[in-house]
Amino acid sequence: MLDTTTRKGRTEAPGPKASMTPALVTENVARSFGALKAVSNVSITIAPGERRAILGPNGAGKTTLFNTICGDHPPTAGRILLFGEDITHLQPHRRARLGIGRTYQSSLLFDGLSVLENLYLAVRGAMPGRLSLWKAGHDDPALAKARRLAEQVRVDTIAQARIQSLSHGQRRQVEVGMALASDPRLLMLDEPAAGLSAAERPELVKLIRDLPRELTLILIEHDMDVALPNSDKVTVMKDGEVVVDSTPDRIADDPLVQAIYLGGEH
Amino acid sequence: MSLMSRSHWILTALVLAILVSMPLLLPDFWLSGILGRSLIYGIVALSITFLASYGGFISLAQTMLAGIAGYTVAILAPTAIPASASAVSYWLAMPLAVLAATLAGAVVGLIAIRTRDIYLLMITLALAVGFSLFAQSNIDWFNGYEGIRNVVGPDLFGLPFRTHAVFYYVSLTLAALLYVLVLYVVRTPFGLVLQGIRDNPRRVAALGYNVAVHRIAAFAMAGFIAGCGGVLITFYNIGITPGSIGMTATVNVLVMSVIGGLGHPVGAFIGAVIFTLIDTFAATIYDRDRFNTLIGLVFLGIVVASPDGVLGLGKRLTGWGKRKDTEDGGTPH
Amino acid sequence: MLRKKLALKTATALAAGLFALAGVTAATAQDVIKLGSITTLEGPFATGGQDAYRAMEMALEEIDYTIDGKKIEWIRESSNAQADVALARARKLIEQDNVDIIVGPLSGAEGIALRDYSRTLEGKTIVNGSSGAADTTLRDASPNFFRFSTEGTQWMAGLGNHVYKDMNVGHVALVAADYAFPYAQAMGFMLEYCEAGGAVTKLWSPLNTTDFGSIIANIPQDAGAIVLIQGGTDALAFLTQYAEAGGDLPIIGGSITADQTLLSARGPHQRLMEGMLAAGPIADLNEDPMWVEWVAAYRERFPDGFDSPSIHAFNYYTNTKAVLLALDEVDGDLSDGQKAFQAALAKVEFKNPMGANVRLDENRQAISDIFLTRIVDDGGTLRTEAFGKTEGVTQTMGMDREAFLALGAPSRDNPDCPPAN
């Protein structure tokens, strides 16, 4: 299952230890809400630098799996290892500091602030001395980094615009930028292309493709055109369980995937 | 991320220049009774607008915080009647009063830490009413219903504080400084986080910020602003009584903020001027027995015509907001 | 920036309009005397404030708004019984409307606020309306503040002696609201009563108390009467609960106890009301011809007014009357910083509508007569009736000023004469 050897040549590993161990391991992870089992018995292993797409119909438990990993809804059973470290019981912000970054399905940006201010807040949130009454000077490293992020996610031309004046696609780009602000080793994108127009999609695909290769990436996506070109491996979920683990070129022929996608799920 | 655009700075400087030259143009009553009074109550309204505009908190405790500063300076005042055993110089009493209001503001923030919207409104209202009743029933410190009188303020440049020009210039200077302070702070990381809390508190927490600490700091700063206003109001009223911090006073300051517009700090002062003009002259314009009806109707009219106050009205009339909104200015809630 | 500009424009236009308006009223002619007034036409005392203006109107109509050919222009303002508001109105009257004299305000804290303001003025005079806080004139008096009405401590004159000597009650329970005005009234009563040899058990309750159960339970067994110094609604609550508990001690009221709330309400308290004693500057029923005539004039002029003029009407009338008499004395001359006028005002001596002589002491506080009253059933309506009076009551209750001030300000604990056991 592991495909670390093929990556090794190209990857600049985040640390010597990380290159040896998987970026993320979930061992029999489950999450219930009362009687509802949203996720059960999910075991996946993702190598450092790997790009993994997670497919599945609505209600398959994809976002819940994200939530168990980032800690918003910690698992009710099982273990989660991030670069070998057990994070099963850590608070979300502790996990963020260990290198998990994520975006959300629905936009959770600060509407009243500018693009640059959103990115700046995300950068400062990952730094010490978060409560400051001194305005950022032009040489503020956090501000400089926010500007670099704006360039990276291609919103530098609209850096001064307020979020509420942005298009949906632009908001998605800012979301990715904010998730990158804490220099994550593992980036989880939750349906980044959802609701985007056909014209906006290529921009986002390009953005994802241009992310640093050493970054481990998990991508929830309905749109095969976005998901497949951007992934090394594909995991398909249904009813809270993993049903297929495969590679992008073989996934389209999988009968189960065809059943899910041709059966009216979109 | 500059404080204001260049045109903003020019306009602000222009308005300030006009205000500075007012003593040459206006009779004394207009100087202190209208403009000065608007400025000092506007400062308290500013603390409401600051919390509402940038934090999304509507606090009814700001008049109470002004009152805490007012009572502190009154209790410590060397001229107070009844005289206090703890009287000190005004120059010491004033900073202590503002400090007391700042700390009290932090306590209000702490008490209201998990509440938003209507619950925050209720809890701050309860604090305000509770403190006013306490002041009314406490004789030892607050001298009950009659309050503490003859708090005249210090002499400045050899002139009594109540001298119209002295009072006016001090109020104007302080109001301008606090106004710029608010504009500055909201561009600092603290201010940005505050606006983040307004837009999306959970995301702020997820980014690694301590939402509770930022909220408390915001209320403390609002307490500082209200406290500065409270000291000046106490000098203006030559003392303080429970009526100075009661329901009517609380609602009046809220009305100033709302009719001015909660979208931008300048709304607090615009609202205060409108309120003061109407409050002073309604009885002259209209039937003395029923002028409150006129006041109520005017305020109702403004709020119905423009839920975001005079600021919002101006914005809509000029269509200016649309073009400018992407860069700065306030956010309606 | 446009919105700021727009707001500024609006404000400027508004200001300009009001300027024009102000300009009209500010056109002061030499032969016009500007009389400002402040009462409470808003809030809980609004009915009292309206009545006060009725009486002022009567006083001004009596002289046809004219003093020696000079017209009196009357500018009315309204407060809401709060010191800050009264002060703002006074500032507007003096600084904007340019009035010469203010009559007002109505309530205690307002009075003290205007006293302080008057001290900062030159060539202006403030004459009390109906405010009755002792300190307004007793301590830190202002040379520009005059009060021709009596105050809370004075109003209790004669009552202490009457209870001890005529009623032979040696121990009373004092049931009073816990704030400054009842303290002053309690002092007025106790100075006489304790001096005569009586003992007082004090039972304080916060303002706006509704449940007097614990107070009633604490009334001592050997108390011979209850001195009830509470405002109307609180007094009604106490009397109702006391009557329902089977209480039957005689009730001695403070000056604000037997107000219209209490007199017109129906219920078990009425059993205790008839014969209730009190003291104060007025009574509904008084045989003095001046009072009879004044009440008749009031009823004729204001058919919509009260059945009998209120204490606020009486006080505003008395104070306005003093102003008009002094103006007449100086032929309406207010020049030279009102020196002649203020001197005349300080020396005015006249009879108020109750037929009581009024003059001022050196602090410009009235010395006048105080009446003992009791509540009688006057053809189905409860009214207060005067049955005795103490003449020439001073603010120091007949004591030497130094000795009186040495007693200290009235409070919960001052004065004190608890029962021996």
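Trainee: Among the two pairs of chains that touch, which chains have the most contacts between them?

Mentor: Welcome! This is a predicted model in which local features need pLDDT of at least 70 and side-chain atom pairs count only at pLDDT 80 or more, while totals for chains, interfaces and linings use all residues. Residues are numbered from 1 along each chain as its sequence is written, chains are lettered from A and ligands numbered from 1 in the order in which they are written, and side-chain values use heavy atoms, leaving out hydrogens and water. With contact meaning heavy atoms within 4.5 Å, the most contacts among the two touching pairs are between chains B and C.

Trainee: How many Å apart are the nearest C-alpha atoms of chain A and chain C?

Mentor: Chain A and chain C do not touch. The gap between their nearest C-alpha atoms is 18 Å.

Trainee: How much area do chain B and chain A bury between them?

Mentor: On the chain B side, 32 residues are in contact with 33 residues of chain A. Buried area is the accessible area (1.4 Å probe) that two parts lose on being put together, summed over both. Carbon and sulfur atoms account for 60% of the area here, and the total is about 2,700 Å².

Trainee: Which residue of chain A meets the side chain of B:R203 in a salt bridge?

Mentor: A salt bridge is a side-chain nitrogen of Lys or Arg within 4 Å of a carboxyl oxygen of Asp or Glu. Two of them are counted between chain B and chain A. In one, with N to O at 3.6 Å, B:R203 pairs with A:E175.

Trainee: Which helix gives the most to the side of chain B that touches chain A?

Mentor: Helices are DSSP runs of H or I with at least four residues, strands are runs of E with at least two, and both are numbered from the N terminus. In chain B, α7 (164-185), α8 (189-199), α9 (201-206) and α10 (211-236) each supply at least two residues of the side that touches chain A. With eight residues, the one that gives the most is α8(B).

Trainee: How many residues apart in sequence are the parts tied together by A:R213 and A:D232?

Mentor: The side chains of A:R213 and A:D232 meet in a salt bridge of 3.7 Å, N to O. A:R213 lies in the loop between α8 (201-209) and β8 (216-220) of chain A, and A:D232 in the loop between α9 (224-227) and β9 (233-238), so the parts that this pair ties together are apart in sequence by 19 residues.

Trainee: In the salt bridge of B:D199 with B:R198, how far apart are the closest N and O atoms?

Mentor: B:D199 is partly exposed at 25%, whereas B:R198 counts as buried at 9%. The closest N and O atoms of the two are apart by 3.0 Å.

Trainee: Which strand holds C:R374, the salt-bridge partner of C:E385?

Mentor: These two side chains meet at 3.5 Å, N to O. The pair links distant parts of the chain, eleven residues apart, with C:E385 in β15 (residues 381-393) and C:R374 in strand β14.

Trainee: How many salt bridges does the structure hold over all chains?

Mentor: Some are linked in a network, formed by B:R37, B:D279, C:E77, C:R89, C:K92 and C:D97. Over all chains, the number of salt bridges is 39.

Technical notes:
Buried means under 20% relative accessible area, exposed over 50%, partly exposed in between (1.4 Å probe, protein chains only).
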